[in-house]
Amino acid sequence: MATNLVNLEAVGKVYGTRALLDGVSLGVSEGDRIGVVGRNGDGKTTLVRILAKLEPADDGRVTHTGGLRPGVLTQHDSLDPAATVRHEVIGDMADHEWAGNARVRDILTGLFGGLDMPGFPQGLDTVIGPLSGGERRRIALAKLLIAEQDLIVLDEPTNHLDVEGIAWLAGHLRARRSALVCVTHDRWFLDQVCTRMWDVQRGTVHEYEGGYSDYVFARAERERIAATEEAKRQNLVRKELAWLRRGAPARTSKPRFRVEAANELIADVPPPRDSAELMKFANSRLGKTVFDLEDVTVQAGPKVLLKHLTWQLGPGDRIGLVGVNGAGKTSLLRALADAAYSGGEKQPAAGRIKVGRTVRLAYLSQEVAELDPAWRVLEAVERVRSRVDLGKGREMSASQLCERFGFGKDKQWTPVGDLSGGERRRLQILRLLMDEPNVLFMDEPTNDLDIETLTQLEDLLDGWPGSLVVISHDRYFVERTTDRVHALLGDGTLRMLPRGLDEYLERRERLRQATTAPGAPAAAPAGQAARPAAKSAALSRAAQKELQRIERRLERIEERQTALHAEMAEHATDFEKVAGLDAELRELADERDDLETRWLELAEEG
């Protein structure tokens, strides 16, 4: 029987006039891996701080088993700015001691890209003071993971980690014996790591078995049984539930409730996106041309990030853009935005970007735009537009859309200056969507957003008819909102990945193994393009053009397949027509197989 490590008995915590926790009783045992979710401001961080005894409870009791060794990662580190990375992470261990420790090597490689800490000016001897918040965050996480603990408490551990870092951290935590309590908005991470969920809502905590996908099923079932009055929230849960059930079957782990009852909830729920209808509407709003890039070179100062790039973003395309930090994801979006906002006048260092005449771009950058702190939330939205057309005859007022994004009637009169970082981020997204763009660029849109707000945003994007490019380290969000993944692998090229993020991680792992193999050159610093191997350098210009040609053809095949499926549904009773459409579908499938095989051959050469 597992030993109980921490007990919370009737714990209460009040801030001002608001009870964040009210009579909460919970326990953490050996081997538990618990994910903590809930809306921003509902008390997730307060709960884990009380659990770790970093903050006292107003009522109730918190008990730790004797000799408990906890390790806590808070949202603000306590690193000594005058100390070196070596002092904080390695401590007094001699070089031969830590270098011979497999776990230390794995942590340094997983979080920093190598034992020599590439990307840090003096490696392990770099002074912490001048480092960025993201770099300090990784150092604090490495320090915690290298130590031995019985219980690990993590508050937003995936912040500032890229897709690779998040995947590594998930694997590392799964392999550890320590119990884990983790607050995070990263739903893919929750699915990979956690076996139980705590949902913090209005002072209470609801417990669920399984990871995030199981939690979605169980919460939908619980709300069905309870027949709550929160119809809007339940509809969103049902829609996400339908997407999960119709996606990869491996998403759910061990459902511990009646799957049949859950399935009843989604029997009449349509797919999250009607791709054919959205594509038709996007064509009518955008025409044939959105962005055409021909032989483009993208630079950041003197540094060349992308070269000889030929690529098209078409009407209705939904692209997830991933890549190593510093490879040029944000710079690419900025180059496209500059061309769009200047009417095609501002062009990159080399090549040309053609912008469609009807393009109306909205660009959500990582920086939150400054708004007048005296404005009320509703006023800030209505200054853009009082009503918004969502397409297909659907329309919403500014107040209705505010409610959709978690700004209730009372919150709409809150001054902007009193909003939290996450609330300002929500308001920024809301203002962009109110301007009725037909092309949307989103650079790390999930920063500071809680899961419920992310679900609201995903639901809104499901029916949004336009072209979309998303840069995000949130794997769940990328898979949920986009149809194709393109990657910048640090070698100056942009590549479509037919198998999405799984393929991206495989490619990055192969590159890492190649650069750490005996006799291989040292790995390039993080954020810098790795030097191509001799084989890559020999890749001809013709091969690069063939890769880009295949990618464009694959995109057209996918569009045609979607249209054919829609035609088959429309003419379901015309057997002769359906037979002809089916024959064309088979031909396209064969062509797609041949093209993907050739694409993989060329990619391996590169």
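Biologist: Which conventions apply to the model, and how many helices and strands are in the protein chain?
Modeller: Residues are numbered from 1 along each chain as its sequence is written. This is a predicted model, in which local features need pLDDT of at least 70, side-chain atom pairs count only at pLDDT 80 or more, totals for chains, interfaces and linings use all residues, and side-chain values use heavy atoms, with hydrogens and water left out. Helices (H or I, at least four residues) and strands (E, at least two) are DSSP runs numbered from the N terminus. The protein chain has 21 helices and 20 strands.

Biologist: What share of the residues of the protein chain counts as buried?
Modeller: Buried means under 20% relative accessible area, exposed over 50%, and partly exposed in between, with a 1.4 Å probe and protein chains only. Of the 606 residues in the protein chain, the buried share is 51%.

Biologist: Which residues touch the most other members of the largest nonpolar core?
Modeller: A nonpolar core is a set of buried Ala, Val, Leu, Ile, Met, Phe, Trp, Tyr and Cys residues joined through side-chain atoms within 4.5 Å. A second, separate core has 53 residues, including L131 and F189. In the largest core, of 56 residues, the members touching the most others are F291, L293, I353, F441 and Y504.

Biologist: In what order do the six strands of the open sheet lie?
Modeller: Strands of a sheet pair through backbone hydrogen bonds, either parallel or antiparallel; here two strands pair if DSSP finds at least two bridges between them. Strand 3 (residues 33–38) and strand 8 (residues 196–201) run parallel and are joined by five bridges, with I34 having R196 as its bridge partner in strand 8. The pairing in the open sheet is mixed, and the order is 5-6-7-3-8-9.

Biologist: Which strands are at the edges of that sheet?
Modeller: An edge strand here pairs on one side only. The edge strands are strand 5 (70–73) and strand 9 (204–209).

Biologist: Which residue in the turn between strand 19 and strand 20 has a positive phi?
Modeller: Strand 19 (residues 484–488) pairs with strand 20 in the antiparallel sense over four bridges, and V485 stands opposite L497. In a regular strand the side chains alternate between the two faces of the sheet. In strand 20 (residues 494–497), L494 and M496 point one way and R495 and L497 the other, all of them buried. The two strands form a hairpin with five residues between them, and the turn residue with a positive phi, of about 90°, is G490.

Biologist: Is R187 buried or exposed?
Modeller: R187 is found in helix 7 (residues 187–193). Contact means heavy atoms within 4.5 Å, and beyond four places in sequence R187 touches residues including Y212, E240, I451 and D474. The C-alpha atoms of R187 and I451 are separated by 7.8 Å, although these residues are 264 residues apart along the chain. Because its relative accessibility is 0%, R187 counts as buried.
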